[in-house]
Amino acid sequence: MKNWHSKLFTPGPTEVRPEVLQAMSTPQIHHRSPEFSELYAELQPKLQKFLYTDQTVFVFTCSSTGVMEAAVRNTVRKKCLNLVNGAFGARWHQITKACGLPCEALENPWDVAIKPEQVEERLRSGEFDAVTLVFNETSTGMMNPLPEIAEVVKSFPDVLLLVDAVSAMGGVKIEFDRLGLDVLLAGVQKAIALPPGLTVCAVSDRALARAEEVKPKTYYFSFPVMLKYHKKNQTPSTPSIPHLFALNAQLDAMFEEGLEKRFARHEEMASLVQAWAKKHFDIYPEEGYWSKTLTCVKNTRGINVAELNRTLVEEHGMRISNGYGDLKEKTFRIAHMGDLTTADIRGLLSTIDMILGL
Ligand SMILES: Cc1ncc(COP(=O)(O)O)c(C=O)c1O
């Protein structure tokens with residue numbers, strides 16, 4: 001069989017360890033069996049510890065986009081403020097509109113972070129009861145100031161904060177309860193380092209109560225339906241059981257490494273790539289908001305990014321990502337997330353140095 005694999009330095013899917021792949025091939029169990037409920041019950045406290053919460057954590061068998069839709073369908077009663085400074089912020093606005101929910105975008109240029117004062121000013125209108133924020137914009141390598149924005153949203157008691165932490169969860173500490181978040185979602189194929197197909201989603205008691213009021217026009221993505229089954233340690237429909245085995249194993253591995261150590265490793269990998277990018281190129285988003293899990297490098301040398309990636313894949317078995325959408329060739333992205341190590345990052349950077357003659 002052809003070897004399709006290159007080592008992934010892409011911002012999702014990311015490299016998956018053989019032990020995790022092995023956990024995915026655990027012999028099947030039935031999703032209405034006591035064994036499944038045992039697995040589900042075992043996962044819940046681990047997910048709560050991982051997200052620093054005593055509240056509910058759901059697992060959806062779908063990619064993050066589905067749960068972005070779930071988040072707005074279950075919580076928007078009046079109007080949603082979509083914070084947009086990148087492709088995924090824009091996607092959440094599109095999703096909210098497509099669901100027929102009243103919404104408005106607060107847009108910044110893609111290299112400018114969303115500032116808490118901007119959010120406060122719009123929320124003061126009293127029009128909104130939900131806000132969507134992409135914490136780590138994978139399209140631009142921008143890490144928006146989540147704690148500061150959460151602090152602002154907290155001062156508006158009727159407003160729920162829905163956070164896409166897709167490319168941050170598992171690489172950066174996110175304290176769900178302390179920050180007062182209402183929805184926090186992430187697909188598992190990024191810093192959690194599993195294959196794609198499952199999304200973890202913490203939901204506050206407030207958001208669950210809101211969903212009861214809203215009566216969302218959805219079944220697959222309904223929080224009340226999810227909760228009914230969650231209480232029985234089940235999911236409403238057949239979940240991706242292999243993913244749940246793998247998630248269970250990966251959470252154990254994360255605790256074994258130590259969450260703080262895992263986050264420190266991500267900081268260290270980010271520093272390496274940022275220093276390299278500043279030395280040879282530049283970094284796309286404004287300083288002070290650089291992502292800890294991926295770096296979006298400004299192509300100030302005008303290199304052929306597609307050609308660089310082709311050489312990396314064909315001759316060195318490594319893959320990075322070109323810029324996203326209109327940023328293609330103008331930028332390129334190096335992910336430093338999941339189970340990658342500083343040695344992996346050093347190896348990648350020295351290989352790029354060699355290819356480009358830096
Ligand atoms: C920040 C962010 N949000 C949402 C998504 C959408 O994820 P998916 O395509 O897996 O649904 C992505 C995918 O890269 C992402 O990076």
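Colleague: Where is P13 found?

Modeller: In this predicted model, P13 is found in the loop between β1 (7-8) and α1 (18-24).

Colleague: What kind of peptide bond joins G12 and P13?

Modeller: The bond between G12 and P13 is cis, with omega at about -5°.

Colleague: What makes Y52 worth a remark about its phi?

Modeller: Y52 is not a glycine, yet its phi is positive, at about 55°. Y52 is in the loop between α2 (34-50) and β2.

Colleague: Why is Y52 called partly exposed?

Modeller: Its relative accessibility is 24%. Buried means under 20% and exposed means over 50%, so Y52 at 24% counts as partly exposed.

Colleague: Is M142 buried or exposed, and how do you know that?

Modeller: The relative accessible area of M142 is 0%. Buried means under 20%, so M142 is buried. M142 is found in strand β7 (residues 142-143).

Colleague: How far apart are M142 and K215?

Modeller: M142 and K215 are 73 residues apart in sequence and, from C-alpha to C-alpha, 34 Å apart in space.

Colleague: What makes β5 and β8 a pair?

Modeller: Two strands pair if there are at least two bridges between them. β5 and strand β8 (residues 160-164) have 5 bridges, in the parallel sense, so they meet the criterion. In β8, L160 is the bridge partner of A130.

Colleague: How do you know that β3 also pairs with β5?

Modeller: Strand β3 (residues 80-84) is joined to β5 by 3 bridges, and the two run parallel. The criterion is at least two, so β3 and β5 pair. L81 has V131 as its bridge partner in β5. β3 is also joined to β4 by 5 bridges, again in parallel, and C80 stands opposite C103 in β4.

Colleague: In what order do the strands of the open sheet of 7 strands stand?

Modeller: The order is β2-β10-β9-β8-β5-β3-β4, and the pairing is mixed.

Colleague: Why are β2 and β4 said to stand at the edges?

Modeller: β2 (56-60) and β4 (103-107) each have a single partner strand, so one side of each has no neighbour in the sheet. Neighbouring strands of this sheet are turned by 20° against each other on average, direction ignored.

Colleague: Which strand pairs with β2, and in what sense?

Modeller: β2 pairs with strand β10 (residues 199-203) in the antiparallel sense, over 5 bridges. F58 has C201 as its bridge partner in β10.

Colleague: Why is β2 called largely enclosed?

Modeller: 5 of the 5 residues of β2 are buried, so the rest of the structure largely encloses it. T56, F58 and F60 are buried on one face, V57 and V59 on the other.

Colleague: What is the order of the open sheet of 4 strands?

Modeller: That sheet runs β11-β12-β15-β14, with antiparallel pairing. Its edge strands are β11 (282-283) and β14 (321-322), each pairing on one side only. Strand β12 (residues 294-298) and strand β15 (residues 331-335) are joined by 5 bridges and run antiparallel. T295 has I334 as its bridge partner in β15.

Colleague: Which residues come nearest to the ligand?

Modeller: Of the 13 residues around the ligand, S63, T65, T138, D164 and K190 come nearest.

Colleague: Which element gives the most to the shell around the ligand?

Modeller: α3 does, with 3 residues. By class, the shell has 4 nonpolar, 6 polar and 3 charged residues.

Key: Residues are numbered from 1 along each chain as its sequence is written. This is a predicted model: local features need pLDDT of at least 70, side-chain atom pairs count only at pLDDT 80 or more; totals for chains, interfaces and linings use all residues. Side-chain values use heavy atoms; hydrogens and water are left out. A residue is near a molecule or strand if one of its heavy atoms lies within 4 Å of it. Ala, Val, Leu, Ile, Met, Phe, Trp, Tyr, Cys and Pro count as nonpolar, Asp, Glu, Lys and Arg as charged, and the others, Gly among them, as polar. Axes are lines fitted to C-alpha atoms, for helices over the stretch in contact, and angles run from 0 to 180 degrees between N-to-C directions. Buried means under 20% relative accessible area, exposed over 50%, partly exposed in between (1.4 Å probe, protein chains only).
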